[in-house]
Structures are given as structure tokens and as C-alpha cells.
Amino acid sequence: MDLEDILLNDETIFKDITVFNSDYLPENFKLRQSHMEEMALSLRPALMGGKPINNLILGPPATGKTTAIKKLFEMAEYDCEDDIICVYVNCQLHSTKFDIFSQIYKKIFGHAPPETGVPFARVYNSIMNELLDTNKALIVALDDINHLFQANAISEIVYDILRAHESFEGVRTGIFAVLSDVEFKYVLDKNVGSIFNANEINFNPYTYEETYLILKERAQLGFYPGVISDELIEKIVNYTYERGDLRLGIDLLRISGNNAEVRASKVILDEDVEKAFDSSSSVSLKYVLNTLNENEQSLLRFITRIKQNNITSGELYKQYNRENKISYATYNRLINKLEFLRLIDTTYTGSGQKGNSRYVNLRFDGKEIKDNLPRHKSKLF
């Protein structure tokens, strides 16, 4: 197929290619129904004139956190638009205080404030006065909130949102903090942590069966009948589950379809899937590695360097601590974080104190990890 054929050919195996987009919101989200119900209960006080309950939403990447929040906010604004304003902010894109409050301002007034020449206080006061005038509660979802840690802006932003009622009596505000990190409480200033006082909602990794159901449904929605076989879907599911990132599986379906269309084929073959594997092998890993702070990167680099399988956690600490002086408690949190993100596996040896000694092994090839680790990250500890 030449370039003109690729650009002008009307025939396609995609029934709806948008279901493979990263921002697609599925109609059916039953696998996270219980999480959405718990978050919905946090909004109920705001609908009755009270303050919403803050939430800390935790889970590894690609476990449905963002989708669940967007679906909930969509439903809440449709059913309760006279009582509540829900603002979703991607902190990876908007990482300063002015940026974040500009997004809130834009949601409330329908346009962003000028980027220059307007003091923050004017933007802030406009937001809070509008909330007072309309008697609406404000809930702000700060997704990937770890991107606010580097500039030490997180405590000030949380404080400005949650303490607004002190300057604007009657204003009701809440925060949904979303991240793939268990260290959030250690980052907030003590006085800010006490006012955040959040309800924790944990999004565990999808099981194999859940991964299969999700990818099977996307294939059914995205392709015409008969385009991809159940065997190839299962092959993509196996590859996806081993790497622990659902986004990778969705991307593999799309790439496999594109590969088939390049061949002018009406069905996806094994060669199309294999080619998709080759082109996407590092996409998911790189995304996860970009979420690590400097200390987590340092430990992960060290593990790749020692090239030792089934090293015990205690021995790994001894070797690592010779070059990087950290407490065992800090080291243990780092190990738990790397396992939480499914970058390493730990298995109990059955020996050691109380039988709790663990073996540590990488889940990925060491060279692949080193090639995809970013060079610079902020330090938390």
C-alpha cells in the first residue's frame, strides 16, 4: 500500500478508533463501581450544605483512578449542577499555584484569566466570591499530585483550597488527591496534613480476569466483528498483565489494527500483534519510571547494577547503604514503592526474623530499565 492509498482509503477495520484513545471514558466501568460509590459518598455532604470529604486516591498507574474520577465528576455535575462544581486538574500539565487556580477559574467562568498582568489574589478572590454568590461547593481533583512536590508548592495549594473558608466564611471546598505514591503524608507540612485529613481509597492492580474483560470489551467496541480473534486478544492480555499496565494493552490493540491496515488486511494476524509488541515494549515502563523520585531511581539503578537474582532485602540494604546512607525504614519504604509499581518482585524466604526475610528481583530487563530511567528527578527525603 503506497502513501496515497494509506491517506485516502475509506475502508477500515476500526468501528470506533476513539475507544483506544488515552482520554476515552468507557460507558461501562463496573470494575471500579465500588470505588466510585465510595467517592460519591464523599460528595454527599456538599449536596446538603456541608463540606465535601477529602480523598486520597492511591494506586499504581493504569488502575482506573483518573477514569473513575472523571466519570464521577461527569455524573455529579449532570445531576447536581446547582450544588457542586467539580474541577479536574492534571498536575503533570499544570504544576504551579497560578496554573491550578487558573484551571479552577476557567471551569467556573468559562474562560481562563489572563496569563500576565493579573495578580494571583484577584484570581483567587474571584473564585471564592463566585462560590459564595452561587452557594456551590468546590471539589478539586489534583491528578498526579506528585508533580507538585518538586517546587514545594503542594502544601500551599492544599492550604489555599481547604482554608478558603477562613477568609470567605461559608465557602465549602474539598480535594481529591490522586497519585501512585504512598508517601503523600510525609510531603505535606504538618499543619496542612491535619486539615487534609483524607479518606483513603486504594485502587489495586487489575487481576488477569479483569484485564481480559476490559481489553475484550475495547476490542469489541473498537473493531468490526471478526477483525481480531479471541486467541490474539488473549495473547495481548498475557503480555499486558505481565507488565502490569492496562494502557499498554489498549495501545497494543490499536497498533495491531494499524499494522493490519498497512497490509490492507481485513483481519489482524499474529504478525501484526508481534510487530506491535516490538514497537511498544518500553512505552509503559518509561511512563512508570517517570513517576519515580530521585531516591527511588537511585535504588532501582543500584539493583540493576548488582545483577544478582534472589538477593535478600537485608543484603541489598547492606550493599546499597555503603554508597547511600539512608535509614532502614526509608529503604523499606523505597522497596515497598518499587514493588507497589510492579518494577520489582519480592518473595518471602521463610527465614530471618519472624520468617519475614524477602528475596528481591527485577520484573524487567536491567538494561531496559537503565535506558528508560530519566536523568534528573526531585528528591523527597
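Residues are numbered from 1 along each chain as its sequence is written, and side-chain values use heavy atoms, with hydrogens and water left out. Because the model is predicted, local features need pLDDT of at least 70 and side-chain atom pairs count only at pLDDT 80 or more, whereas totals for chains, interfaces and linings use all residues.

The secondary structure of the chain comes to 18 helices and eight strands, where helices (H or I, at least four residues) and strands (E, at least two) are DSSP runs numbered from the N terminus. Of the 381 residues in the chain, 46% count as buried; buried means under 20% relative accessible area, exposed means over 50%, and partly exposed lies in between, for a 1.4 Å probe and protein chains only. Among contacts in the chain with a separation of 6 or more, 71% are accounted for by residues 24 or more positions apart, a contact being heavy atoms within 4.5 Å.

Two packed helices are described by the angle between their axes and the distance between the axes. Axes here are lines fitted to C-alpha atoms, for helices over the stretch in contact, and angles run from 0 to 180 degrees between N-to-C directions. Helix H11 (residues 230-243) packs with helix H13 (residues 270-280) at an angle of about 15 degrees, and their axes are 10 Å apart. That angle makes H11 roughly parallel to H13, since angles under 35 degrees count as roughly parallel, over 145 as roughly antiparallel, 65 to 115 as roughly perpendicular and the rest as oblique. On the H11 side the contact is made by Leu-232, Lys-235, Ile-236 and Tyr-239, and on the H13 side by Asp-270, Val-273, Glu-274 and Phe-277.

A further helix pair is formed by H4 and helix H6 (residues 154-162), whose axes come within 10 Å and cross at roughly 35 degrees. This crossing, too, is right-handed. Lys-97, Ile-100 and Phe-101 in H4 meet Glu-156, Ile-157, Asp-160 and Ile-161 in H6. In helix H16 (residues 313-323), the buried residues are Ser-313, Leu-316, Tyr-317, Gln-319, Tyr-320 and Asn-321. These buried residues pack against helix H15 (294-306), strand E6 (311-312), helix H17 (328-340) and strand E8 (358-362).

A search of the whole structure finds 15 aromatic pairs. Rings of Phe, Tyr and Trp (its six-membered ring) pair if their centres lie within 6.5 Å, and planes under 30 degrees apart count as stacked, over 60 as edge-to-face and the rest as tilted. The rings of Phe-14 and Phe-20 have their centres 6.0 Å apart and their planes at 75 degrees, so this pair is edge-to-face. Phe-14 is buried, with a relative accessible area of 7%, and Phe-20 is buried as well, at 4%. The rings of Tyr-105 and Phe-109, by contrast, have their centres 4.5 Å apart and their planes at 45 degrees, so this pair is tilted. Both residues lie in helix H4 (residues 97-109), four residues apart, which is about one turn of the helix. An α-helix has 3.6 residues a turn, so residues three or four places apart point the same way. Tyr-105 counts as buried at 14% relative accessibility, whereas Phe-109, at 28%, counts as partly exposed. One aromatic cluster is formed by Phe-101, Phe-120, Tyr-124 and Phe-168.

Charged side chains also lie over aromatic rings, as defined by NZ of Lys or CZ of Arg being within 6 Å of the ring centre and within 35 degrees of the ring normal. Lys-70 lies over the face of Tyr-88, at 4.8 Å from the ring centre, and Arg-243 lies over the face of Tyr-239, at 3.6 Å from the ring centre.

Asn-135 is found in the loop between helix H5 (120-134) and strand E3 (137-143), and counts as exposed at 51% relative accessibility. Ala-264 is found in the loop between helix H12 (246-262) and H13, and counts as exposed at 55%.

Technical notes: A crossing is left-handed if the near helix is turned anticlockwise from the far one by less than a right angle, and right-handed if clockwise.
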